[in-house]
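Keep the viewer open and follow along.

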Amino acid sequence: MTYARTEPTDQEPDIRARPPLVREFLLVAGLFLAYKFGRRAANGHVEEAFRNAGNVWDLERALHLPGEGAVQGLLLHSQPLIHAANTYYAAVHFPATALFLVWLYWRRPRHYVRSRRVLAALTAAALVLHLLFPLAPPRMLPVAGLVDTGQVYGPTVYGQTPATDTMANQFAAMPSLHVGWAVMVAVGLIVATRSRWRWLWLLHPALTLLVVVGTANHYWLDAIVVGAMVALALAVFRLPLSARTARPAPARLPRPAPWGSGEGSPVPAYADGAASRVFASAVPAGSAGSVTVPGTFAAAGPPPSFGAAGPASGADAGSQAPARAGAAR
């Protein structure tokens with residue numbers, strides 16, 4: 001049985017699955033603005049945020065999670081390293097997610113629709129949790145004894161006075177959207193591509209986790225909670241069957257018709273046309289018997305070694321025997 005080699009069905013973008021560009025731009029921009037204004041509306045819960053921070057810190061110690069200070073201690077051994085971590089925290093989060101969506105929209109439209117839905121649902125759920133559970137980051141918690149690396153070494157995206165910061169809500173540590181979006185970027189690219197190196201995209205959320213913890217902007221529990229939220233969103237918004245990248249069943253080549261099916265003799269391609277004429281010209285004119293082109297059958301009738309009425313008999317058979325014997329010698 002012969003099988004034809006096939007490629008994944010989504011190697012070329014399905015233009016019909018691509019949503020209108022203007023509509024998508026307005027939708028994503030609207031969601032982003034709604035989230036930014038929603039975070040700012042959650043400002044002002046200072047006492048509750050610090051009380052929740054103490055509870056989270058105690059819960060982590062009860063669960064025997066590693067201290068955030070262990071990661072920060074590794075970064076503080078090198079000023080260029082801590083500066084690079086602060087830059088990664090400030091500069092990679094939004095651009096990486098935006099480029100991820102743009103690439104999916106252009107190259108994997110069906111994957112784009114699902115990823116956009118997951119990111120929108122994750123961000124909306126995170127905003128609700130920010131409103132219900134304000135949380136001061138570990139860099140603000142005195143008992144943690146951590147350094148605000150952004151303020152000390154730079155760069156930073158936050159103001160020096162968290163309670164009056166008009167650019168961002170610094171009491172929205174739970175959950176960590178830095179980690180959540182990074183996980184979704186990695187998962188989306190792994191699912192949408194077929195390269196053997198695609199699993200290296202997992203380095204993005206792993207590095208993001210080390211950065212947000214090492215810069216004392218998030219607790220371990222912030223990452224654990226957002227990981228569960230991403231898993232739930234992925235389960236709710238399942239990938240359409242037509243967009244999955246698994247290889248389809250191999251296509252089977254059509255089998256040749258049986259020789260006795262009445263659909264014509266199985267003549268190879270090389271045995272017809274000019275090839276047949278060349279072969280026929282090589283046979284001397286007036287040769288007895290019929291000529292059979294290789295790969296074909298002769299016309300119906302007895303083979304040349306037989307007479308018209310059957311095999312040679314009597315004197316004819318006797319006269320042919322010496323000739324055959326001479327040929328055998």
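H1 gives the most to the lining of the largest pocket, with nine residues. Helices here are DSSP runs (H or I, at least four residues; strands are E, at least two), numbered from the N terminus. A pocket, on a 1 Å grid over the protein atoms alone, is an open set of points where a 1.4 Å probe fits, with protein on both sides within 12 Å along at least five of seven lines, and lining residues have an atom within 4 Å of a point. Helix H1 spans 21-41, and H5 and H6 also give two or more residues to this lining. Of the 24 lining residues, Glu24, Val28, Ala29, Ala98 and Leu101 are the closest to the pocket's centre. The volume comes to about 690 Å³, counted as the space filled by probe spheres set on the points, with grid points joined across faces, edges and corners.

A quick note on the ground rules. This is a predicted model, with local features needing pLDDT of at least 70 and side-chain atom pairs pLDDT 80 or more, while totals for chains, interfaces and linings use all residues. Residues are numbered from 1 along each chain as its sequence is written, and side-chain values use heavy atoms, with hydrogens and water left out.

Now for the interior. A nonpolar core is a set of buried Ala, Val, Leu, Ile, Met, Phe, Trp, Tyr and Cys residues joined through side-chain atoms within 4.5 Å; buried means under 20% relative accessible area, exposed over 50%, partly exposed in between (1.4 Å probe, protein chains only). The largest core has 37 residues, and Phe100, Tyr112, Leu119, Leu122 and Leu177 touch the most other members. Among the helices giving it two or more residues are H5 (93-107), H6 (109-132) and H8 (177-192). Leaving aside neighbours within four places in sequence, Leu177 is in contact (heavy atoms within 4.5 Å) with Tyr35, His93, Leu122, Thr123 and Ala126.

What about the aromatic pairs? Ring centres of Phe, Tyr or Trp (its six-membered ring) must lie within 6.5 Å; planes under 30 degrees apart are stacked, over 60 edge-to-face and the rest tilted. The whole structure has four such pairs. Tyr89 and Tyr158 make a tilted one, 6.3 Å centre to centre with 55° between the planes. This pair links distant parts of the chain, with Tyr89 in helix H4 and Tyr158 in the loop between H7 and H8, 69 residues apart. Tyr105 and Tyr112 pair edge-to-face, at 5.2 Å and 85°. Tyr112 counts as buried because its relative accessibility is 4%.
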